[in-house]
Amino acid sequence: MRSSDMKIPWNMFLHALLLLFFVFSKVGHGQDYDFGDDAKPAKPAKKAPAPPPEYNDCNGIFLSYTFISREKEFPHVKNVSAQAWAFKSEATILNAGSEELPAWKMFIGFQHREILVSINGAVVMDGSDFPVDAGNGTYLSGSPQADLKTSIETAGDFTQISSNIEITGTQFGLGTGAVPMPKTIRLENDGFKCPAPRRHGKSSMSVCCKKDPKFKAKKPKKTKFLPRQKGDLSLVYDVLQTYSGSYLAQVTIDNNHPLGRLDHWNLTWEWVRGEFIYSMRGAYTHKRDSSECIYGPAGKYYADLDFSQVMNCEKRPIIGDLPADRAQDEKVGKLPYCCRNGSLLPTLMDESKARSIFQLQVYKIPPDVNRTAFNPPQKWKINGVLNPNYKCGPPIRVDPTEFPDPSGLQSITTAVASWQVVCNITRPKVKQSRCCVSFSAFYNDSVIPCNTCACGCEDTDTDTCNPNAQQMLLPPEALLVPFDNRTEKAKAWAKLKHIPIPKKLPCPDNCGVSINWHINSNFRTGWTARVTLFNWEELAFEDWFTAFQIKKAYPGYENVYSFNGTKLPDLNNTIFLQGLKGLNFLVGETNGTHPDSDPRVPGKQQSVISFTKKKTPGINIKRGDGFPTRVFFNGEECALPTQIPRGSAGKTRVSFGVIGGQGGSKEKQALSSCANGYDTIIKADVVEATEALTTGDYKFAESGIADAAVDADSCEDGFSSLGSSPLTAMNKDMNEVSNVARAIVRTLL
């Protein structure tokens, strides 16, 4: 039942009515090229009535928002704030200035927990599917009319200088008779300044945005369309060949972010004019079903077409890259940058693998059956297996792409038309990551594991575990087994450390990849950390990478020993690590030696990182300066623990006869550092190597033994400024024992 309390003032009613009159005819597509007689001339647009008086006072871009009506939705509840209302409203944007407005963008500051169900005349800029949560406002861009011409060049044709946006959605709160208006509306294009909007009665607001005289934009190269935009991921939709009823398009995907990456990418979009994909080269659609064509408008128009040969008829196809063995296939391959099995690496790793290309033959239906009618797909989305979350904007018309002449001549050919889609990486929300980090240190017995439900608990039975509880501390060896096998270890450790055990234990982290950052040693001139990667998925990661941001410790980075390390000072002081040749494959989780009794074994990679203190005076490792503030795996930002290990007064230390008070303060510091180092050897390196030998993971066992030698070397280095070390003989023995043990383990590889 519609609310009888909602009355619209007559002046606002006339205002809305006039808007409907002058925007009733919408532009469906651009026709910038004439290739022959089959191009149908456009019908002359009907003259729209003059705008309402508010437009006359604006010399810029005029925006308005008008609330039309709302209706109470089910369920009907007594709580006003919980009651849902279906509402309808309109927004208008009009170019009342003297310069064309390309690719308009508008912000509507919704504030009543609005959920948008449909929008006509615009699209949500981040490409979200309906329903869209717009409770904190939303950004809209023009579609199909993205550019607003001027009244001067169109003789006052309102169908070309304005766009009308029809909005339908749900909002909450506000009692009967209230008018749910947004907080603000404004133009989001660069170079414009918008004052606070003016209210007209209870149900309408408007604002005139003008050029900002202080805005200094870089003078771009003069182009007919918008210049190419910068973004983390750039997708270009080029029309290469055009016919009356179809065209050949090429999609080019470029990875521009140094930490951006996609593995086994899937690309989706939405056709808006009934198009369908007849064939593809360099990619394929996950579903091959022609029923939507046969029983739809396409089947009526193409009555004699054999639809069994059609690649895909879905409105929202899912497109994937072809595997490498199809690269030289005469029918579907033979394209540069194609067929990488969906891998898109950062240029830092391999510039030739930072681009992907595929082509598709697109068939159109009336009324777009002419050679100059192009409507690129909307609502682009792309994702990978364990990669960053990309938010994509709408396709923007840009100058046609230039290609080198295929014959080898020093000339260029251009696309018929080009659109660009820019996607940017967004940080994962809490409990929505896909990888996580655990912290540990030589000066604390306990490991701080990944957060509870760090990667979500959607598939976890929360009746049997607590999704909001803090994770229980673990002994170091517990990191080597899956979460299901850690329960007894965690309980036993809690009893040993006199830590209360909750009645309802915390839920697992549910992450496919976890990373342990362990402070390995800390001496006067430097310190070391050990990084261990665990792959709990069955899927292996080829050419993996990980990256760390350590604010205070970054200048002191020296070397990484089993990986290849690169400093990225322009990226918030990031240390970029990737596997060396032969170690660039992070295998998936496998069965233990005895599957009936042994837990499953994760894929692992490990290395030690060394830091100097010469460039980081005042750094305090035990206070947490040695732990990263952000961690990435294959571009995905991993969830960090909410706490860091602290020094424990009751921690057991290895005792040496020489520590009884010899030497000055510097020597005592060096001896204390050695005690910490040998404590790590006994409690971490030896334990991990033994566990790895038991489970048959000989490569990981060799890494643990090698770490023991590194700890011994660190002990010896601590005395470098004192001239001699009282522990040289013991450090030498430890190195020799490590070398012998490594040699034995290598015979098992």
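Two strands are said to pair if DSSP finds at least two bridges between them, and the strands themselves, like the helices, are DSSP runs numbered from the N terminus, with at least two residues (E) for a strand and at least four (H or I) for a helix. What you see here is a predicted model, in which local features need pLDDT of at least 70 and side-chain atom pairs count only at pLDDT 80 or more, while totals for chains, interfaces and linings use all residues. Residues are numbered from 1 along each chain as its sequence is written, and side-chain values use heavy atoms, with hydrogens and water left out.

Let me start with an open sheet of 5 strands, whose order is 33-34-31-37-38 and whose pairing is antiparallel. Strand 33 (563-568) and strand 38 (636-637) stand at its edges with a single partner strand each, so one side of each has no neighbour in the sheet. Further in, strand 31 (residues 545-549) pairs with strand 34 (residues 574-579) over 5 bridges in the antiparallel sense, and there Thr546 has Leu577 as its bridge partner.

Now to the salt bridges, meaning a side-chain nitrogen of Lys or Arg within 4 Å of a carboxyl oxygen of Asp or Glu; a search of the whole structure finds 17 of them. In one of these, Lys497 meets Asp445, with the closest N and O atoms 2.9 Å apart. Because Lys497 lies in the loop between helix 7 (487-496) and strand 28 (513-522), and Asp445 in strand 27 (residues 444-448), the pair ties together parts 52 residues apart in sequence. Is each partner buried (under 20% relative accessible area), exposed (over 50%) or partly exposed (in between), using a 1.4 Å probe and protein chains only? Lys497 is partly exposed at 32%, whereas Asp445 is buried at 14%.
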